Amino acid sequence: MTRVNTEHKLNNAIDRARRWSPFLSMILDREPAIAQSLAQGHLDLDLSSAALDMPVAKRLRLTRRAMALNVAIGDLAGVLDLTAVTGALTRFADQALDTAIRAAIEERTPGAEPLGFTAIALGKQGSGELNYSSDIDPILLFDPVTLPRKPREEPEQAAVRIGKRVVELLQARDGDGYVLRVDLRLRPSPEITPIVLPVEAAIGYYEAQALPWERAAFIRARAAAGDIALGQRFLDTIRPFVWRRALDFGAIGEIRGISARIRDHHSQGQAFGPGYDLKRGRGGIREAEFFAQIHQLIHGGRDATLRAPATRDALARLAGAGWIGTSEAQALIDGYTLLRTIEHRVQMIDDRQTHALPTGDALDRVAKLHGLDDAGALLALLSPHVAATGRIYDALDDTERPAFSHDAVTLETDLAAAGFVAPEPARRRIEAWRGGAYPALRSPAAREALEAVLPTLVTAFATAPVPQAALLRLDALLERLPSAINIFRLLEARPGLATLLAAILSHAPTLADDLGRRPDLLDGLIDATALEPVDDIAALEASMRAGDAGGDYQARLDHVRRVVGERRFALGAQIVAGASDPLDVAAGYARVAEAAIAVLARATIDEFAKAHGAVPGSELVILALGRMGGAMLTHASDLDLIYLFTGDFTAESDGAKPLGATLYYNRLAQRVTAALSVATAAGPLYQIDTRLRPSGGQGPLVVTLDSFARYQREDAWTWEHMALTRARAVFGSMAARTAVADTVRAVLEGDRPTRDVVADAGSMRADMAAHKPPKGPLDAKLLPGGLVDLEFAVHVVQLVHRTGFDADLGKAIDTLIQRGLVPASLRGAHDVLTRLLVTLRLVAPDASPPGHATEDLIARAIGVADWPAVVATLESTRQEVSRFWAELTGEQDG
């Protein structure tokens, strides 16, 4: 924008201000220097006509007047957009509040540091969106230990006196006007509490007693003035109260209830037209804010990027994350921007805190101040945006569902009509829930939530693959819950999720058990991406490093367990839903585990180093074997790991409590194992098996890479070399991983003792069959001709021919097929058996035949038509594997 163009726009705005705004006209007359500067094209948002040596209150009033004039003319001219306007107004409010706090403390205790007293900005000040003529809504807190006070004065008395003086400095009027209106009623229990609260008492209130609307208020909370560090400590402490990890769809009803009360209380301003309430009317500013806050409360506990205080930023981020539609977000943003702008015009007329469009000639004045011809033009400009916001906000209300009768006969009839083939057991179950069979169902809120969700549950479970089994597992879940409110609200808000839950409870006892331990696992399924392939390892690591844990080691352990639990549960749900190939799910399980190893190993190393430092020129390396090495896990897989370290074993760590390298890494590895396995408040993680290390359980937990290489070259047994075929470094620098890979490759390709591999493998397999028989007739792993036989056969061929090595068993088989060393059918056998194993770990963990409905799921998972085809495919596959194993070992097939 050119200087001439800016000057023209500013002069046009000055002309409109003089003609249509008595307040701005008055300021222009009382601030001739600023008026002249504006007319010459200069806009100065830092301008103040006040001298620094005048009393604080007077200086702030004059500064506010100068700011109000510059912001208003810049706004009317279109030189400042809404973000610039609200940002300038908020910065002034912050500075004024901070100045008032410092002045109040200085007056009472000259020379004292302004510590121990903080202002938490809520509302539009907190989000940086203050109105042109807005009050501020701070919560004032103090720390009794650090607050400056007079001799023999109690901290509580001093804090209240400081608070009263702050309000007086900002709110008192004289001929120069006022600084800011201050509303302290958003503090806890304002009718009975002092205007300034001890910070610990405030924390206790929000952790134990706070109301739902207070959660929404703290979305926009910010430490704005005074002792910022104290304010930030308070906000950090109560963050879990605001941002709950468990999805809370009850927030919709709670905030919609607030909105309904506002609509009722301000009923005269609901209808669009003259007198319409821009803030509280249907389709107004508040509904755009509430729409954003509802979705932030639901999803922000799990995604910190959604915690934007400003409404338009929040809407954009929610759309970017896929929680609301892009067109919805843009409509709300456009409407919010226009309504806030017109709200400013209304307030500029007389500097009054009003949000309603005036009527009669006064509405024409607002229109003309904005640059329009008349009131009709203004209403025409606003109308489509108000309608769009109201329509989008009203859509949050679900269609009313019919309530289910409490009469036994009628209820049973309704259940039969919904699709229950055997409605009587379902009726008895529902009656037990209604009667408060479990503690989770006994509160009034729980009973209300149950009645609200019953239509959704009945519809979903009536059409479940195994309705009665699903209901029984849901019943078992409810029995273990401390409260059923959240899960009922979640299912009510997401009926499709209820259908998936019914399928999970019908088919997958493993997932049902997981859900019983952690009901919040269901939260992760509301995102459509939960049924898509899991992220790559880097993205998974990023999600495990995110969250609110910061540098707290225990909090990081909990966070990783939550993320892993959610991802594993979602991967299992993909199989139940038929959304993914079990082979892809198996690879997903492994990526999740590898990311967890990387994040927790690094966190443990950093924590360990606080006391013991690091060993110079050395590092920990983690080698995965078995299914983890092959990057194909099941839901129940443990992790086979070997810990190694590089560098000189005679070295010593450089910390405050130094340790020799061998002792250092053995203690560190114990900590890493615990980090990966010990159950915390967030639940368990993985079973860790380190028995494949050199010398097994008799050897040290960690050895040097050199010792590992020497052991594999000179002392390792055939079974250890078979395990080594699937070894893969999953933690350590690239240089260390390369060194380990080179060592493994050299051993496998021949740098090892000469042994009768075929005889050793045959003997081992016979011992395993004797001591670890199949669990059941569907044990795809341990049955003759199952995965174990397939793995043994492949490893024997690899070691005998010293070729085809790849930790990924499928790729290794492909290589051996290309070299004519194994039959081509072996790759298909690998895929069938792996798909079957991964699926059965979820739906038939005892390897026994499941119910008929689950038979169809298994058939779909392995890609055959029906259950007879499953049985036939498993049998033919086992025969193929057994035949090849017999050829290798010279045993008789059969």
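Is R280 buried, partly exposed or exposed? Select R280 to begin: this residue is partly exposed, with a relative accessible area of 23%. As you look around, keep in mind that the model is predicted.

D277 and R280 form a salt bridge, and their closest N and O atoms are 3.3 Å apart. D277 is buried, at a relative accessible area of 7%.

Next, go to helix α1, residues 3-20, and pick H8. H8 counts as exposed, at 56% relative accessibility. For a sense of distance, select D407 too: the two C-alpha atoms are separated by 76 Å, and the residues lie 399 apart along the chain.

R19 is exposed at 51%, while D15 is partly exposed at 39%.

Your next pair is D789 and R765, whose salt bridge brings N and O atoms to 2.3 Å. This pair links distant parts of the chain, with D789 in helix α33 (residues 787-801) and R765 in helix α32 (residues 757-771). Both residues are buried. For a network of salt bridges with shared partners, select R30, E31, K58, R65 and D176 together.

Move on to helix α21, residues 485-493: 7 of its 9 residues are buried, so the rest of the structure largely encloses this helix. Among the buried ones are F488 and R489.

Finish at E541 in helix α24. E541 is buried, at 17%, and beyond its sequence neighbours within four places, E541 contacts A595, A598 and V599.

Definitions and conventions:
Residues are numbered from 1 along each chain as its sequence is written. This is a predicted model: local features need pLDDT of at least 70, side-chain atom pairs count only at pLDDT 80 or more; totals for chains, interfaces and linings use all residues. Side-chain values use heavy atoms; hydrogens and water are left out. Buried means under 20% relative accessible area, exposed over 50%, partly exposed in between (1.4 Å probe, protein chains only). Helices (H or I, at least four residues) and strands (E, at least two) are DSSP runs, numbered from the N terminus. Contact means heavy atoms within 4.5 Å. A salt bridge is a side-chain nitrogen of Lys or Arg within 4 Å of a carboxyl oxygen of Asp or Glu.
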